[in-house]
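Visitor: I would like to learn how to read the packing and the side-chain pairings of a protein model. Could we go through the features one at a time, with the general idea before the case?

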Amino acid sequence: MGAMFRSEEMNLCQIFLQSEAAYACVSELGELGLVQFKDLNPDVNAFQRKFVSEIMRCEEMERKLRYIHKELKKDGMKIPDRDENPKAPAPKEMIDLEATFEKIESELKEVNTNAEALRRNYLELTELKEVLKKTQLFFSEHGRHGIVEDAQSALVHDEGGGFVPITSVQLGFVAGVIPREKVPAFERLLWFANRGNTFLKYDEIEQSLEDPVTGDAISKCVFLIFFQGEQLKARVRKICEGFKATLYPCPESAQERIDMLNGVSTRLEDLNTVLHQTEDHRKRVLMSAQKEIRPWIIKVKKIKAIYHTLNMCNFDVSHNSLIAECWTPVSGLEEIQRALKHGTELSGSTVPSILHRMQTKEVPPTYFRTNKFTLVFQEIIDAYGIASYQEVNPAPYAIISFPFLFAVMFGDFGHGFIMFLAGLWMVIMEKKLIADKSDNEIRNMFFGGRYIITMMGLFSVYTGLIYNDIFSKSVNIFGSAWHPSYDFHTLMAQSSRVLDPLEHFNNATGPYPFGVDPIWQGSLNKITFTNSLKMKISVIFGVSQMLLGVLLSCVNHAYFRRPLNIFCEFIPQLVFLLCLFGYLVALVFYKWIFFTALCTQYAPQLLIQFINMFLITYTPRSKPANFTGDLYACSSIEPKSINATSQTVFFEYQQPIQITLVILALAMVPMMLLVKPFVLRARHNARVKRKQGLYATSQRTLIHNEEPPDQSDDTKGVKGERPEAHLSDIELGVRDSGKNANMSINGEEEVGVVNHTEGGATVHEEEEEEKFEMGEVFIHQAIHTIEYCLGCISHTASYLRLWALSLAHAQLSEVLWGMLFHISLTMDFEYVGGVVIWAVFAVFAGVTVAVLLLMEGLSAFLHTLRLHWVEFNSKFYMGEGYKFAPYSFKHLLDADLDE
């Protein structure tokens, strides 16, 4: 958990790998998952890299695995989901894998080809069988010559319109099958193309037929066409060919048709047996592949990932080694060294792999160690922006503040308990739900947030108890502190009565021990009371969270050694916030503590008082002549006698205190705006002058160190150099500045990481100094100052959404109860009352879940998200980093083949 408060310290490392050990070492690093490799060949085409042939072999293996997977899905066979993580195979094992995949693919293709041919033959024989049966049925229904005579009578006529004798006409016929959906068009075209000189008879095949390629069900019809003459016969065959109708031979005699039908039936039985044997063989092949396909997929993906990583390395031909650069967390260096050692041992190499820590000015990636509970909160923060390297992480604070602020808006014990149970169920069943691997995005979204849903429900239960709100009803657990003393006749005389706290409140027992007193549930001014309470606690929570954000900015400044930002930004921001809105919170607590039922008539209106604080408008109280008590104490004195109203001064020295706070807050604005730019300008000018002085001093030193040619050797030193003891302090600073480079963050000098070259750091500093622009710095500071000052006001008002959404949720829940479920409870039905209540409760429960839990819950979640992203994070969080993306095999365990 400690690593979440600030990102882990990262290091840029260089790894020297021997060629024979590179594969095994990279494999071990992938299993470890703590290394992010840098691409050292960004300008090299993917097809020109060293291991492109190996990657192409992996892609070919993936293609074969996809084919096997598709065949498994076609037969409804699922890949077994086992918790296994096979190691990446050695490079020499790729040949065995390729041979295995090639054998299975070829075997499956051969089986599929044979099965398709058998199914096509089976379909043709089935169609022929149906043609013979339907043709036999056609002829048997009309007698031996009945159907022929019908066709002759329909087709034969002479040119003059008179009929020609039947015996003079010889009719032929063709039989076949055609898809059912083509029959109407087929019939019309036969009629028009042959001018009505054909006679069509068709009937649907009742037996289910399957497409031999896709296996889908198809519907076909058997047709019988009578015609006369060879010309019509040819025309009919062309039409059948155009409609892709299949023609089958059909003998004219009944006995021949019966003999052929018996032969076709025998062949179908034999073919069916062969088909079953083929399917059994196919299933045996698939079942053997099903057991191993998951390890195969993981192995191939690991091999491909390893070679992709090796392609990012530089190849040193002279030493026959690979050189890689990578970001690693400092805490994991020992594990990385052990992994490299283990990989070298596995490869059998005698030369160890070397891990060298580099020094760089590059900004490292941001890495937080998370678990399944903290991951969702970190993802919420990352959606706003990845944390800059080692700045304060808002996620640990969001673990508490996010569900709590949500619960302030969603506070209802009943609704929160339902949400808590839903989240708890997903947490308990998470292993089973993960194993299901659903493709439903909404379901996966809710499951991914199971822990935050559980936390939000739990906190909503707590705030529901504070509000004493359970499905818009209150419970009297500890006994109300209010005890009305009105009798029955008094209550009947007037529909409503005012409870005077001095008479009806039990001061001996004190207020309700936990939460809101249940008597407010039935009061007419419930909304007035709850509005006042929730509005004030919204401001308190908002100012408290903003104050935390400002304090965390100080933590950032101190960690990054930016004292100027502490004095010119943090302190003014803190004073500005506390003088205005911290004072407002103090007034809220002052009113709650010191104003009781004795002085309700002149209790201060804090909003008016806060406005008058800026307008410097004050109305003092007047002290009567014979008054000896405390003028500002809460007592039963007549308000008019001391000129006490809700807008007058209500505590001693209020005017000078408030004027001082306003002046102090306004004084912080120019301090935030002006001090830092001018200090940075002065530092810049001092560095420029110092550099000019150092340059002149070094020039004089070179001149003084020159010696005449005839000088003796024993007195002559190295030309252009002096012993370090004779160098001035300024010159020593120049010499050391090349060794200890400094980084600049927001104008602050900060000890950083040394660059690769000593001269590089000096050039970098010179470029930074030349780029210094006072105008840009001043504009940036002005924007920052205006944003903060106006943001304090707008953000405080923004936290009032806590009150608004809490009020809306409570009122909607109350309306739903009163207008739906409460009506069913008041209905007086003697026998069907229970049924009515049961039906109304079902509707009430459905609307509660759909509207109050899902819609209202989503609304409260989005508002909480905004409060954290804008109001809280803007006070200290930069979010300008980039995420640490380690080279890891963990994501390959659940990867699909299509990814």
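**Reading the core and its pairings**

Guide: Leaving aside neighbours within four places in sequence, F576 is in contact with A665, M668, V669, Y788, C789 and C792. The model is a predicted one, and the values discussed here are computed from it.

Visitor: Which residues have the most contacts inside the largest nonpolar core?

Guide: They are I452 and F576, in a core that has 85 residues. Helix α18, residues 563-594, supplies the largest share of this core, with 13 residues. Apart from it lies another core, of 58 residues, which includes V35, I68, V300 and L333.

Visitor: What covers the buried residues of α9?

Guide: The buried residues in α9 include V376, F377, Q378, I380, I381 and D382. Among the elements that cover the buried residues of this helix are α10 (395-410), α13 (441-448), α14 and α25 (833-872).

Visitor: Let us turn to charged side chains. How many salt bridges does a search of the whole structure find?

Guide: The general idea is that side chains of opposite charge can pair when their charged atoms come close. In this structure the search finds 30 salt bridges. One of them joins E8 to R369, with the closest N and O atoms 2.5 Å apart. E8 lies in the segment before β1 (10-18), while R369 lies in the loop between β11 (354-357) and α9 (375-384), so the pair ties together parts that are 361 residues apart in sequence.

Visitor: Where do the partners E98 and R57 lie?

Guide: E98 forms a salt bridge with R57, and their closest N and O atoms are 2.9 Å apart. This pair links distant parts of the chain, with E98 in helix α3 (residues 93-141) and R57 in helix α2 (residues 52-74), 41 residues apart. R57 counts as partly exposed, at 28% relative accessibility.

A further salt bridge is formed by E105 and R63, where the closest N and O atoms are 3.0 Å apart. Here E105 lies in helix α3 and R63 in helix α2, so the pair ties together parts that are 42 residues apart in sequence. E105 is buried, with a relative accessible area of 3%, whereas R63 is partly exposed, with a relative accessible area of 33%.

Visitor: Which residues are linked in a network of salt bridges?

Guide: E59, E62, K301 and K304 are linked in such a network.

Visitor: Now to the aromatic side chains. How many aromatic pairs does the structure hold?

Guide: The structure holds 39 aromatic pairs. For Y462 and F514, the ring centres are 6.2 Å apart and the planes stand at 65°, so this pair is edge-to-face. Y462 is in helix α14 (residues 450-467) and F514 in the loop between α16 (501-504) and α17 (526-559), so that distant parts of the chain, 52 residues apart, are linked by the pair. Y462 counts as partly exposed at 41% relative accessibility, and F514 counts as partly exposed at 34%.

The rings of F595 and F650 have their centres 6.1 Å apart and their planes at 65°, so they too are edge-to-face. F595 lies in the loop between α18 and α19 (606-615), and F650 in the loop between α19 and α20 (654-705), so the pair ties together parts that are 55 residues apart in sequence. Both F595 and F650 are buried.

Visitor: Which residues form one aromatic cluster?

Guide: Y384, W869, F872, F876 and Y877 form one aromatic cluster.

Visitor: Which ring does the charged end of K50 sit over?

Guide: The charged end of K50 sits over the ring of F315, at 4.3 Å from its centre. Likewise, the charged end of K109 sits over the ring of Y67, at 5.7 Å from its centre.

How values were computed
Residues are numbered from 1 along each chain as its sequence is written. This is a predicted model: local features need pLDDT of at least 70, side-chain atom pairs count only at pLDDT 80 or more; totals for chains, interfaces and linings use all residues. Side-chain values use heavy atoms; hydrogens and water are left out. A nonpolar core is a set of buried Ala, Val, Leu, Ile, Met, Phe, Trp, Tyr and Cys residues joined through side-chain atoms within 4.5 Å. Buried means under 20% relative accessible area, exposed over 50%, partly exposed in between (1.4 Å probe, protein chains only). Helices (H or I, at least four residues) and strands (E, at least two) are DSSP runs, numbered from the N terminus. Contact means heavy atoms within 4.5 Å. A salt bridge is a side-chain nitrogen of Lys or Arg within 4 Å of a carboxyl oxygen of Asp or Glu. Rings of Phe, Tyr and Trp (its six-membered ring) pair if their centres lie within 6.5 Å; planes under 30 degrees apart count as stacked, over 60 as edge-to-face and the rest as tilted. A charge sits over a ring if NZ of Lys or CZ of Arg is within 6 Å of the ring centre and within 35 degrees of the ring normal.
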